[in-house]
Number of protein chains: 4
Amino acid sequence: MTIRILVTGGTFDKEYDELTGRLFFKDTHVPEMLRRGRCGLDVTVETVMMIDSLELDGPGRARIVDRVRASAESAIVITHGTDTMVQTGRALADAGLTGKTIVLTGAMVPYAFGSSDGLFNLGSALSFVQVLPPGVYVAMNGRHFPWDAVRKNTDTGSFEGL
Amino acid sequence: MTIRILVTGGTFDKEYDELTGRLFFKDTHVPEMLRRGRCGLDVTVETVMMIDSLELDGPGRARIVDRVRASAESAIVITHGTDTMVQTGRALADAGLTGKTIVLTGAMVPYAFGSSDGLFNLGSALSFVQVLPPGVYVAMNGRHFPWDAVRKNTDTGSFEGL
Amino acid sequence: MTIRILVTGGTFDKEYDELTGRLFFKDTHVPEMLRRGRCGLDVTVETVMMIDSLELDGPGRARIVDRVRASAESAIVITHGTDTMVQTGRALADAGLTGKTIVLTGAMVPYAFGSSDGLFNLGSALSFVQVLPPGVYVAMNGRHFPWDAVRKNTDTGSFEGL
Amino acid sequence: MTIRILVTGGTFDKEYDELTGRLFFKDTHVPEMLRRGRCGLDVTVETVMMIDSLELDGPGRARIVDRVRASAESAIVITHGTDTMVQTGRALADAGLTGKTIVLTGAMVPYAFGSSDGLFNLGSALSFVQVLPPGVYVAMNGRHFPWDAVRKNTDTGSFEGL
């Protein structure tokens, strides 16, 4: 089984710019995370964009949908900011992509921080995508949810079922 | 769904003893890892033993089987040294525990090291255990294998299907 | 010899707020850093403020000067944002505090990030403060400078002698 | 001022061998540590040997003394296992190397572990070597000691003055 990881940015990949003191995007950490996880899966990593998901608009979502549609793989993990994961889930579901298992995941703390949940979430998303039936899902907090049965609780930062 | 994590030690939980310069076991890191992963699952952690899996013998394996049998949960993750994961898988399979999904996982590098694969593997195992049918599995390298269709390649440190 | 560490915030102590995605201040990491360095010095840590040094104004600097003057110790390390370290150095020098060795230090990357220089700088500042004659110094990049013979190169992020 | 760092191994540079589960030496981490500390000093790193200091014998110490004597720099930091730091200090003192400030340092926990004191100690040693008068010193726990006025307390792991 081959898996495609589509990188879109999000907290996952934020880094600290030591000259400005701000968080920014450079390259994705996903390949380094796969090495650290000694990942033995047949994975292709493709960077679609590197943005904060609060800045993701309709055309941006259309690009993500296009890249999923263009993927030969039927198992697809999308790294994504947590704030608008559900909206992108809807765009993917509305696109009527049949036969693909699509798992959106992200992180509450950037991987570059010692305390990041990113590696846990990546291991989780890559596992769910191998065994869940076709559909669009969110994998966070060790759990998986259909895209239309989950919300991010902005008070706690956790994803909850509806 | 509730999950039980049975801790048996292994590389996962090894620490550095700064007085002797040797690796040893103290407490399990699993609760800390669950916090770091912002794990939202209903998980109970039970420490069965803290040993190197090369030292695990028949009576030791019988204790693990007993703890699995005694668990109310039907989804069970066992953290375990990688060297004899398959032997413990056999002991569990031989015990004829029906209706339980049991996933063995571990790490190639202790969690206390910066470069550990442990958090990735824990996220992976907790995900697989929720969706795989009853049976005994090994989850390593982002993959899952039936216990009797996997071996650890001691040259590369990776798990391979048979 | 006893040393006082006056904490004023700066990049050193910035943390990631996972609910807002912004960097912020909570508690200082200095005590944890001293434990990690197995610091055997007789050190007292006092938090004066927790702010970005770009927001430090005249009254703020006066408070720092007051705390230095009030310190019984003659060896004082001040953790401080790098952007205005020199201005605080001037305020301390202008205050005519005789008999005290005062070392300002900071970090280019928050301690909470894996790649932080903070622990290196703290080890350096605590060492310089024990052996330099009374005066006001900046310790960064493994070097020490009199406060009036140094500038931060904002293109490289390094401190340079004048 | 130019500084030479002579690397001899010790806990500082121990790594985890994920195939054998043992600690071993590969390459020194000192250059990476200098980058992380944003070290702006003019430093040359020379690896003399990579061994556990308990295995360091007379000929080994003679090689260290030779490398110090051959160094053009008058400021020298030696990274060294903590167990026999004092013996190497004696060998250096007995060699009658005049005009050089020599600082031995090490770590209680390998740099590859998240909780290592190595970066703190390296920042400390590099600072002391710039300002102490010629002589042979041990820099550990944020402190400096003349080589003949210090011992490692093997119960606590800390260095104490005599």
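Helices (H or I, at least four residues) and strands (E, at least two) are DSSP runs, numbered from the N terminus, and the expected span of a helix is 1.5 Å times one less than its number of residues. This is a predicted model, in which local features need pLDDT of at least 70 and side-chain atom pairs count only at pLDDT 80 or more, while totals for chains, interfaces and linings use all residues. Residues are numbered from 1 along each chain, chains are lettered from A in the order written, and side-chain values use heavy atoms.

Q: What makes α4(C) mostly covered?
A: Buried means under 20% relative accessible area (over 50% is exposed, in between partly exposed; 1.4 Å probe, protein chains only). Of the 14 residues of α4(C), 13 are buried.

Q: Why is A:C39 called buried?
A: Its relative accessible area is 19%, and the cut-off is under 20%, so A:C39 is buried.

Q: How many disulfides are there over all chains?
A: A disulfide is a pair of cysteine sulfur atoms within 2.5 Å, and by this rule the count is zero. For A:C39 the nearest cysteine sulfur, that of B:C39, is 20 Å away. For D:C39 the nearest is that of C:C39, 20 Å away.

Q: What makes β7(D) and β8(D) a pair?
A: Pairing needs at least two bridges found by DSSP; β7 (residues 135-140) and β8 (residues 143-146) of chain D have four, in the antiparallel sense.
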